[in-house]
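Reader: I have a model open and would like to go through it with you. Can we start with the strands and work outward?

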Amino acid sequence: LFNADAYGSELNNYAVTFDVTLQGGGGTALALGLLRPAIDGGDIPSSYGSPLHIIDDFKPVSDGLKDNTIYNINSSSFNPGGFVSSNAGYLGTVFPDGFGGVLSGKNALGDDNTGPAGSNEEDAWPLALRSFSYKKYYKINDVITAVIPYKPEVGKSGYIYGWIDFNLNGKFDADEVATSLAPATGTSVNLVWVVPNKRRIGSTYVRLRYVYDRTNLITSTSELEQLGSSLIVTNGEIEDTRILIQGPAIVNPVINNDGKIK
């Protein structure tokens, strides 16, 4: 089992050396290999970057074997060890599935439509905040409060970050982020934004990221922007959502019989 250092910030090459000693008689077979982790990423337009999460989709179960000890592997008491699904450490109510390619798209549905988790995988962003009039929630100085559900890893507190592209510039700025501690005993957090003066009326995107160990490292504007757009982390999940914001309605003028516009 490799820890997070094996991946590094850029998933560079990592050398591994195995020392294996076999003792005993008769014929046997030995196989060594690596289990490839699942990867979760964003699915909004590529201008917002391509951050990745390595999904904690399995946990090792110890076999309890000790050095210089003989075991009968045919005994009913023998525990072969192995892996079990972690099924924790994610946003929303559905455990994420991994993917093998770029899923960027205008509708932010690539992850929803890919993999066995189904269309409800990315359900952390509230339904009430997915489509609304610009007069509701989106006037300057309005407060947007999003209740974000999550499933914590046992015994691990983390953090949930959320970005809204208020000025429609195709990226997430450091002043567009909201953050909350995600306790190991919690089930949801509140992310709160105040709609800024720079906001433009029009449909936009939100990005959510749940991580265990980033806050102590996020100390500057550039690091916040990197977390929003490109940083690779070895836990948690990312969810992207398109927010449909209806602008002012255009009404055709009513012309009187005398040809004058009312």
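Reader: Which residue in β10 does Val143 stand opposite?

Author: Val143 stands opposite Val194. This is a predicted model, so the positions discussed here are those of a prediction.

Reader: How many bridges join β7 to β10, and which way do the two run, parallel or antiparallel?

Author: There are 7 bridges between β7 and β10, and the strands run antiparallel.

Reader: What other strand pairs with β7 over 2 bridges?

Author: Strand β5, residues 90-91, pairs with β7 in the antiparallel sense over 2 bridges. Tyr90 has Lys151 of β7 as its bridge partner.

Reader: Which side chains of β7 are buried?

Author: Ile144, Ala146, Ile148 and Tyr150 are buried and point to one face.

Reader: Now the inside. How many residues are in the largest nonpolar core?

Author: The largest nonpolar core has 26 residues. Trp125, Ile144, Ile148, Ile160, Trp193 and Leu208 have the most contacts inside it. At least two core residues come from each of β7 (143-151), β8 (158-164), β9 (177-182), β10 (188-194), β11 (204-211) and β13 (237-246).

Reader: Which strand gives the most to this core?

Author: β7 does, with 4 residues. There is also a second, separate core of 15 residues, which includes Ala108, Ala174, Leu224 and Leu231.

Reader: Back to Trp193. What is Trp193 in contact with, leaving aside neighbours within four places in sequence?

Author: Among the contacts of Trp193 are Trp125, Ile144, Ala146, Trp163, Phe166 and Val177. Asp142 and Glu176 are also in contact with Trp193.

Reader: Different topic. In what order do the 3 strands of the open sheet come?

Author: The order is β1-β2-β12, with mixed pairing. β1 (39-41) and β12 (232-233) are at the edges with a single partner strand each, so one side of each has no neighbour in the sheet.

Reader: In which sense do β2 and β12 pair, parallel or antiparallel?

Author: β2, residues 52-54, pairs with β12 in the parallel sense over 2 bridges. Within that pair, His53 stands opposite Val233 of β12.

Reader: I want to check backbone angles too. What is the phi of Asn141?

Author: Asn141 has a positive phi of about 80°, although it is not a glycine. Asn141 lies in the loop between β6 (131-133) and β7.

Reader: Is Asn141 buried or exposed?

Author: Asn141 counts as exposed because its relative accessibility is 56%, and the cut-off for exposed is over 50%.

Reader: And what about phi at Leu168?

Author: Leu168 also has a positive phi, near 55°, and is a residue other than glycine. Leu168 is in the loop between β8 and β9, and is partly exposed with a relative accessible area of 27%.

Reader: Last, the whole chain. How many helices and strands does the protein have?

Author: The protein has 1 helix and 13 strands. Of its 262 residues, 37% count as buried. The accessible surface of the protein comes to about 15300 Å², with 51% of that belonging to carbon and sulfur atoms.

Notes: Residues numbered from 1 in each chain as written. Predicted model: local features only at pLDDT ≥ 70, side-chain atom pairs only at ≥ 80, totals over all residues. Heavy atoms only, no water. Core = buried A, V, L, I, M, F, W, Y, C linked by side-chain atoms within 4.5 Å. Buried < 20%, exposed > 50% of the residue type's maximum accessible area, 1.4 Å probe, protein only. Contact = heavy atoms within 4.5 Å. Pairing = 2+ DSSP bridges. Areas by Shrake-Rupley, 256 points an atom, 1.4 Å probe, with all protein chains shown as cover.
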